[in-house]
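Have the viewer open as you read.

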Amino acid sequence: MSFLRLVICVTGVYAMFLLWAIAQERLSVPFAAIDGSSFDKFNSPLFMGTCQSALSALSALLYIFIRRKPGQTLTQTLGLAPSSVQSTNSVPNGAANGAAKTNGHAHPKEHNTRFSVRALLLRYLQCAVFITSAAPFGFAALSYITYPAMVLGKSCKLVPVMLMNVLLYRRRFAPYKYLVVAMVTLGITLFMGFGKEKPSKGNNNGGEISAYAQLIGIAYLLINLAIDGATNSTQDEIFARYRVTGQQMMFWINLFCTVITSIISILPLPYIPVLHPSTSATELQGALDFIRTHPSVISPLAQFALTGALGQLFIFETLQHFGSLTLVTITLTRKMFTMLLSVVVYNHRLTLGQWLGTAVVFAGISVEAWVKRKDVHAKQVIQEKEKARIKTL
């Protein structure tokens, strides 16, 4: 069942986010005005995030109530109270990617005996703030560094995720996890570094990028990666401390994200390069005006929000049962498969170094899969022996 669940999660993440990427690319190109007088770009990323987080919260809520166990109260269904049903059937797998420790002592398994709703909601709010604040820095980095440099940096996300787990929550990992992180990061670095395609310029004037501008871009990228790592490690910590499901976490984090971005969208903010790149009085007003004058944006915007919401269901299912490092590995290999699909469809030619990078990535994935299957088999053997012992009694 564990292997089948992993296959379903991987398939869902791949399918939904490939469609999501198509919608995102469509939203990045100009749309024709309703009177045909001009072509303009949709410059309201915060509104896009609000649409996606709102639909994601609704999708998670529907999923939670569809899978609701008999006898659960509303607070138990939403993960705001300990549930005996949930405790026996939904054991969070945060430990799959390391054991959290405080003051040198591991958290006890029965850590939800003193369930704190306030502390849990604050953790959810913390994740929402991280997610809302990380995106603008990633977007701003593209103004100062090349897109390949941005992709390469995002591809090394495994490193800050593990680093933040160690620094923030003293989480330790099995040795093979470090090997997988190193192999995947090395493989993607080789793939990106040996490409023959010329990178696009990160500035708007088409000239060379100054060293000072690159430093600013790298700083923005590092902030983005650090916040992403803090987000993933905080999610692992929630699973380690509270017996919540992935969809319950998805609901609350997206609900908080929707509230935060909605409030920011109606504030009359001035032009801020990182946080508020729109020139309109409020982002909500600018987005609604654009939709009114460019109705063709509605379809890709809906596709972007819907596929993002459905994709998050698979993401949080993966996060709950396999941990953030496995999730990041899946998302990184999705990028790799997207590159390989592009090679097949558009007849691109890969260099020997890129093929080597691809082989290293798949080797790392194979190590992860082999160890997990070995662990699952060992647990099954132990369970069968325990069942046999109980029968003899």
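## Aromatic pairs

Rings of Phe, Tyr and Trp (its six-membered ring) count as a pair if their centres lie within 6.5 Å; planes under 30 degrees apart are stacked, over 60 edge-to-face, and the rest tilted. The model is a predicted one: local features need pLDDT of at least 70, side-chain atom pairs count only at pLDDT 80 or more, and totals for chains, interfaces and linings use all residues. Residues are numbered from 1 along each chain as its sequence is written, and side-chain values use heavy atoms, leaving out hydrogens and water.

The structure holds 8 aromatic pairs. One of them joins Phe 31 and Phe 290 edge-to-face, at 6.3 Å centre to centre with 85° between the planes. This pair links distant parts of the chain, 259 residues apart: Phe 31 sits in strand β1 (residues 31–32) and Phe 290 in helix α11 (residues 283–293). Both Phe 31 and Phe 290 are buried, meaning under 20% relative accessible area with a 1.4 Å probe, protein chains only (exposed is over 50%, partly exposed in between). Together with Phe 42 and Phe 47, Phe 31 and Phe 290 form one aromatic cluster.

## A buried glutamine

Gln 248 lies in helix α10 (residues 246–266). Gln 248 counts as buried because its relative accessibility is 3%. A polar atom of the Gln 248 side chain lies 2.8 Å from the backbone oxygen of Thr 77.

## The whole chain

The protein chain has 13 helices and 4 strands, taken as DSSP runs (helices H or I, at least four residues; strands E, at least two) numbered from the N terminus. Of its 393 residues, 45% are buried.

Methods
A polar contact is a pair of N or O atoms within 3.5 Å; within protein, one must be able to donate a hydrogen and the other to accept it, and residues adjacent in sequence count only if both atoms are side-chain atoms.
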